[in-house]
Amino acid sequence: MTQDQNTLAPPEGFSRHFRRSPLTDPWEPLYSRNTGDAIFFGLRVAAPHTNSRGFAHGGLISALADNAMGLSCGLKLENTLGLVTVGLTIDFLSTARIGQWLEVRPEVVKTGAALSFAQCRVTADGKPCARGNATFSIVKR
C-alpha cells in the first residue's frame, strides 16, 4: 500500500507551521522548524503547488522563501511591530517535482536599526532548487 504524498511525515524536527495566512492556507500542510537562529520551512510538493508543467511554481517558492527569511530576521529583533519586505530576489536553479520534500533554509545576514538582510537556500529532496536574498524594513513600535 502506498501513502498519499501529503500524508508522508516531514523530516525530523519539523512540525506543522505555527503561523497561518490566507495566502498559504491553500498550500497546507506547511511545516517549519525553529533552529534558534532561523525558521526553516518545508512541504511535500503536491499538485496544488505546481505550474502547468508539474513543477513547484516559482511563486510558491518565492513566497515561502520570503516568509522564512522574514520570520528568521524577526527572531533577532525585539520591541518591533514586524518586518516589511522591501527587496526580494530569487534564482531558480532546478525544479521541484510532485512528491519531493521542498525545504527553505534561511540565514540572517545582518540586522540593523532600520533594515534586516537575509539569504536562503531552497532544496528539493536535498538538491539545490533555488536561492534567495531579501531586505526587510523594520517596523518600530
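**Figure 1. Arg 20 and its salt-bridge partner in the predicted model.** In this predicted model, Arg 20 is exposed, with a relative accessible area of 52%, and its side chain meets that of Glu 28 in a salt bridge with an N to O distance of 3.5 Å. Glu 28, by contrast, is buried, its relative accessible area being 18%. Side chains of opposite charge can pair when their charged atoms come close.

Figure 2. Arg 16 is partly exposed, at a relative accessible area of 47%. Together with Asp 25, the residues Arg 16, Arg 20 and Glu 28 are linked in a network of salt bridges. The structure as a whole holds six salt bridges.

**Figure 3. The salt bridge between Glu 103 and Arg 105.** The side chains of Glu 103 and Arg 105 meet in a salt bridge, with an N to O distance of 2.7 Å. Glu 103 is buried, with a relative accessible area of 6%, whereas Arg 105 counts as partly exposed at 31% relative accessibility.

Figure 4. Seven strands make up an open sheet with antiparallel pairing, and their order is β1-β2-β3-β5-β6-β7-β4. At the edges are β1 (15-16) and β4 (80-92), each of which pairs on one side only. Helix α1, residues 58-74, lies across β3 (39-44), β4, β5, β6 and β7 (127-140), and the helix runs at about 140° to β4.

**Figure 5. The pairing of β5 with β6.** Strand β5, residues 101-111, and strand β6, residues 115-124, pair in the antiparallel sense over nine bridges, and a hairpin joins β5 to β6 through three residues. Within this pairing, Val 104 has Val 122 of β6 as its bridge partner, and Glu 107 stands opposite Gln 119 in β6.

**Figure 6. The pairing of β6 with β7.** Strands β6 and β7 run antiparallel and are joined by 10 bridges, with Ala 118 standing opposite Ala 134 in β7. The hairpin of these strands has two residues between them, and in this hairpin Asp 125 takes a positive phi near 50°.

**Figure 7. The largest nonpolar core and the surroundings of Val 122.** The largest nonpolar core comprises 28 residues, of which Leu 64, Leu 102, Val 104 and Val 122 touch the most other members. Two or more residues come from each of the elements β3, α1, β5, β6 and β7, and α1 gives the most to this core, with eight residues. When its neighbours within four places in sequence are left aside, Val 122 is in contact with Ile 61, Leu 102, Glu 103, Val 104, Lys 127, Pro 128, Cys 129 and Ala 130. A second, separate core holds five residues, including Phe 14, Tyr 31, Ala 38 and Trp 101.

**Figure 8. Cysteines without a disulfide partner.** The structure holds zero disulfides. Cys 73 is in no disulfide, and the nearest cysteine sulfur to it, that of Cys 120, is 11 Å away. The sulfur of Cys 120 has its closest cysteine sulfur in Cys 129, at 10 Å, which is too far for a bond; for a disulfide, the two sulfur atoms would have to lie within 2.5 Å. Both residues shown here are buried: Cys 73 has 0% relative accessibility, and Cys 120 has 6% relative accessibility.

How values were computed:
Residues are numbered from 1 along each chain as its sequence is written. This is a predicted model: local features need pLDDT of at least 70, side-chain atom pairs count only at pLDDT 80 or more; totals for chains, interfaces and linings use all residues. Side-chain values use heavy atoms; hydrogens and water are left out. Buried means under 20% relative accessible area, exposed over 50%, partly exposed in between (1.4 Å probe, protein chains only). Two strands pair if DSSP finds at least two bridges between them. Helices (H or I, at least four residues) and strands (E, at least two) are DSSP runs, numbered from the N terminus. Contact means heavy atoms within 4.5 Å. Axes are lines fitted to C-alpha atoms, for helices over the stretch in contact, and angles run from 0 to 180 degrees between N-to-C directions. A nonpolar core is a set of buried Ala, Val, Leu, Ile, Met, Phe, Trp, Tyr and Cys residues joined through side-chain atoms within 4.5 Å. A salt bridge is a side-chain nitrogen of Lys or Arg within 4 Å of a carboxyl oxygen of Asp or Glu.
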